[in-house]
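Please read these notes with the sequence and the model open side by side. The points are numbered so that you can check them one at a time.

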Amino acid sequence: MHRMIFLWCLTLTALCLQAQYPGYKPVADLAQFKEQFAGASRRINAIKSDFIQEKNLGMLSEKIVSKGRFWFKKDNLVRMEYNQPFQYLVIINNSNVLVKDGQKVNKISAKSNKLFQQINRMMVDCVQGTALSNPDFKVAVFESAQGWLIELVPVAKGIKDYFRNINIILARKDYSINRLEMYEQSGDNTVISFINKELNAVIADALFTIK
Amino acid sequence: MLLLQMRCLLLSSAFFLLLSCSSVYRKMEKTPADAACVLKFRPRFSKVLYNTQVDVVGKHLSGLLLMKAMPDSSTRLVFSNEMGFKYFDIEFNRGGGFKVYYILPQMDKKAVLTTLRKDFEILLMQHLEPGKAFVRKKDGLFYYGFPQTKGNNYYITDTACSQLVRLERASKRKVVVTAVMLHYSDGTPDTIGISHQNFNFTIGLKKLKQ
């Protein structure tokens, strides 16, 4: 009898997890995934791509779409250049961040701001493949025929107040990032899709310079 | 002699203090005009997106402000940074009410909320009752004054009421906030500027075409 109940619970849990992300099922062998993911990430030293960002305001049934260019280079170098429908630039260079909106340039040391530090690390982790070892999150991994979904549920104070969960969707063939989904506690979400990806492109360090 | 000099100094100081406290609006000439004419400048939109710059006491914020007219006639304002992180989500309802759906904990202070509410109320042209309004004239401009719970909101136009020159939120005696709404297209101004007179706080909005 106990065994029957246990099997029922197991089946229900599996069904719930599948229903959470249609088309995805929990990864059977997490250790193997981690190993393969780490191996693939070691082979990716740089990414150059376009991106489309969609901010979905749930209660307002509205979507704000912006587009731009994205560059990543190991270690800890990220540049996001928004060019539609506004101009905005973010450069992450290790623990330093530069933000340029219009003519205004702001330099921020992520060290001085705990939340910024967490977001900074999350951004880098997502593209660098180190998200699985970030202690700020509880991690679950799902798979589909097309790719992998890494679900990060914040456990650290600060980021936990803002985000319900963050999903990283990876391409099955090379484990590179396809999409980043950030779900807020308020019900809104922001989805960044990376398109026209060029892995291991030659990228000049000067793109990440913070003067 | 010293006592007399001190009295004179005190009297003259009191006189200047009184002068500085006198209302900048009271000296203006009253003029008959239809206050309802300014209602044509009220922004009309189903939704509009503004690129937004905020400078407050040395801190700089930028992002996108979405204004949306909701089916229940309320207006929702959502301000988030360019990467999608939300600063606030507020509502101005038809009955003059104000509701906060979300505000970043660091901004969740009574003074901030009151300032946001009053600044956007003057822009959205809320609480305007032409029956209670008054009109004054100065330097070739008409000041359409609408009494608020505290002080007045002024919409300042040319004498023909064909151009909205600026907006002022004022206490009984002095200007607290000045604002501009310029270059209307599709019912909304392309450029909006708000400047607080008592402390270093400015908001700049530029309409975005999506």
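1. Which residue in E9(A) is the bridge partner of A:Glu143? The partner is A:Trp148. A:Glu143 belongs to E8(A), which spans residues 137-143, and E9(A) covers residues 147-154. These two strands pair in the antiparallel sense over seven bridges, and a hairpin of three residues joins one to the other. Strands here are DSSP runs of E with at least two residues, helices are runs of H or I with at least four, and both are numbered from the N terminus. Two strands count as paired if DSSP finds at least two bridges between them.

2. Some ground rules. This is a predicted model, in which local features need pLDDT of at least 70, side-chain atom pairs count only at pLDDT 80 or more, and totals for chains, interfaces and linings use all residues. Residues are numbered from 1 along each chain as its sequence is written, while chains are lettered from A and ligands numbered from 1 in the order in which they are written.

3. The sheet in chain A. Twelve strands form an open sheet with antiparallel pairing, in the order E1-E8-E9-E10-E11-E12-E2-E3-E4-E5-E6-E7. Strand E1 (25-26) and E7 of chain A stand at the edges with a single partner strand each, so one side of each has no neighbour in the sheet. In general, strands of a sheet pair through backbone hydrogen bonds, either parallel or antiparallel.

4. E1(A) runs antiparallel to E8(A), and two bridges join them; A:Pro26 has A:Phe142 in E8(A) as its bridge partner. E2(A) and E12(A), the latter residues 189-199, also pair in the antiparallel sense, over nine bridges. There, A:Ile47 has A:Leu199 in E12(A) as its bridge partner.

5. Cis peptide bonds in chain A. One is the bond from A:Lys74 to A:Asp75, with omega near -15°. A:Asp75 lies in the loop between E3 and strand E4 (77-84). Another joins A:Gln84 and A:Pro85, with omega about -5°, and A:Pro85 sits in the loop between E4 and E5 of chain A.

6. A:Tyr175 has phi near 65° and is placed in the loop between strand E10 (163-171) and E11 of chain A. A:Tyr175 is partly exposed, with 19 other C-beta atoms within 10 Å. The cut-offs are these: a residue is buried if 20 or more other C-beta atoms lie within 10 Å of its own, exposed if 12 or fewer, and partly exposed in between, with C-beta atoms placed from the backbone. In chain B, B:Met125 has a positive phi of about 60°. B:Met125 is in the loop between helix H2 (110-124) and strand E7 (134-138) of chain B, and is partly exposed, with 18 other C-beta atoms within 10 Å.

7. Nonpolar cores. A nonpolar core is a set of buried Ala, Val, Leu, Ile, Met, Phe, Trp, Tyr and Cys residues joined through C-beta atoms within 7 Å. The largest has 36 residues, and those with the most contacts inside it include A:Phe70, A:Val78 and A:Ile168. E10(A) gives the most to this core, with five residues. Leaving aside neighbours within four places in sequence, A:Phe70 is in contact with A:Ser49, A:Phe51, A:Met80 and A:Phe194. Contact means that the C-beta atoms of two residues, placed from the backbone, lie within 7 Å. A second, separate core of 35 residues includes B:Phe79, B:Leu128, B:Tyr154 and B:Ile192.

8. Where the chains meet. In the model, 20 residues of chain A are in contact with 20 residues of chain B. On the chain A side, E2(A) gives the largest share, three residues. The residues on that side divide into nine nonpolar, five polar and six charged. Here Ala, Val, Leu, Ile, Met, Phe, Trp, Tyr, Cys and Pro count as nonpolar, Asp, Glu, Lys and Arg as charged, and the others, Gly among them, as polar.

9. Chain B has two helices and 13 strands, and 25% of its 210 residues count as buried. Its mean pLDDT, the predictor's confidence in each residue from 0 to 100, is 87, and 89% of its residues reach 70 or more. Over residues 8-21 of chain B the pLDDT is below 50, and this stretch has one contact in the model beyond near neighbours in sequence. For the complex, the predictor gives an ipTM of 0.79 and a pTM of 0.83.
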